[in-house]
Amino acid sequence: MGADVSAPDSGGHKKGPGVKKQTRKDTKVDMTPMVDLGFLLITFFVFTTTMSTPKAFKLNVPDDSAKDEEKSEAKASGAFTVLLSKENHVYYYEGQLAPDGSNFKSSNFKDIRAEILRKKANTPEKDLVVIIKPNESAVYKNVVDMLDEMQIAEIKRYAVVDIFPGEVDLINATEGGAPPPGGK
Amino acid sequence: MPKLKIARKSTWVDMTAFVDVAFLILSFFMLATKFKPPEVVKIENPKSVSSENQPEKDVFKVSFDKEGRVFVSFSSDQDGKEKAQLTAEVLSRQKGLGLTPAEISNFIKFSVGGIGVPVTQLKSFLNLTDDQYKSFKQPGIPVQDTLNNQLNDYLNALLTGTGGRKPENVMLNGDNGTTYPYFKNVLAAFKKNGIFSFKLITSLEGVPAGTPLYKKRKEQQTK
């Protein structure tokens, strides 16, 4: 092994002829196994660690058993209904759904934010209510994303409500699928 | 021709600095690490802008995975254990399961990782050993139809056991891909037992620029 920066030679002075000259020993230690071990442990910790700590998203749901009079009546003009369907499809309409479905529009998760913000800007705050209606094939992610949109847009009043059969039919018609057998 | 003499160079590399770095990173990970809690179900949480950290004390958690299997779990601290025990005792009494003390202590142990079996299978499930528990594929608590929503039974047992005192943190841990009806049924069971306020477990996502929430948070920061 190469360079000889070794221990200071303690026996610096000349010894007698009978005394063996002390061999200089290299104090260099081969660090390679130590590095190996170090990185092995690092890998272990990297794999077992959870870096992103989960967050808590508060959700309050209304009491369904509350009497009807106690329920806050939503003004139709301030309502904005978002329908969620399979494969992240989003549909919406404002106010009440027209019988011919003319105000029923298709959208997606990117564009719906602009629509919600537009509605928020055009509606008095006390009237605004966003109604989220996921259908049977909407996934949990869609619902949470939509609830998240409510936080992002700072909508004070919103509700997750069961979808109506008429709306299911409209979604099916738009998606080109046949209505489910014995539709719910 | 004079032969060119190539100086022999040592191949020795000083590893000390390397070791220093390695152990620095190592100590960082050791201090920053928090071991993944033992969970029998793999769940991918959706994202949200919520920045509140997930509580760890006195937690009652309902999880559902992609296939719609529903699990209940309690935190491993004293409050959680107490509530798990009460739940098991009441459930045993209400449903006539006749759980032995050993089975109840197993309930407490398994409830940290998650329990997802119908009430009728609970007794045989609680006789599993730790290893069997890990490999056992639990069918999930049935929630599909409103008549046989057994999550209701679990919740009812919990609240009866505590005398109506709700756990401080009721968490809902759902998978991205679960279809809405399962979520609805879990909510229905919560509502039926008078739990109207709970927390969804999500992972952090940045607030999109230009939105009202973004502006509000920015104002708060500058204040």
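Helices (H or I, at least four residues) and strands (E, at least two) are DSSP runs, numbered from the N terminus. The model is predicted, so that local features need pLDDT of at least 70 and side-chain atom pairs count only at pLDDT 80 or more, while totals for chains, interfaces and linings use all residues. Residues are numbered from 1 along each chain as its sequence is written, chains are lettered from A and ligands numbered from 1 in the order in which they are written, and side-chain values use heavy atoms, leaving out hydrogens and water.

View 1. Nine of the twelve residues of α6(B) are buried (under 20% relative accessible area, with a 1.4 Å probe and protein chains only), so the helix is largely enclosed by the rest of the structure. Among these buried residues are Y154(B), L155(B) and L158(B), and what covers them includes β2, β3 and α7 of chain B. After α6(B) comes G163(B), which has a positive phi, near 70 degrees.

**View 2. The aromatic pair F60(B) and F74(B).** Ten aromatic pairs (ring centres of Phe, Tyr or Trp, its six-membered ring, within 6.5 Å) occur over all chains. F60(B) lies in strand β2 and F74(B) in strand β3 of chain B, 14 residues apart, and both residues are buried.

View 3. Y140(A), F64(B), Y180(B) and F183(B) form one aromatic cluster. Both F64(B) and F183(B) are buried.

Definitions and conventions
Phe/Tyr/Trp six-rings, centres within 6.5 Å; stacked < 30°, edge-to-face > 60°. Buried < 20%, exposed > 50% of the residue type's maximum accessible area, 1.4 Å probe, protein only. Contact = heavy atoms within 4.5 Å.
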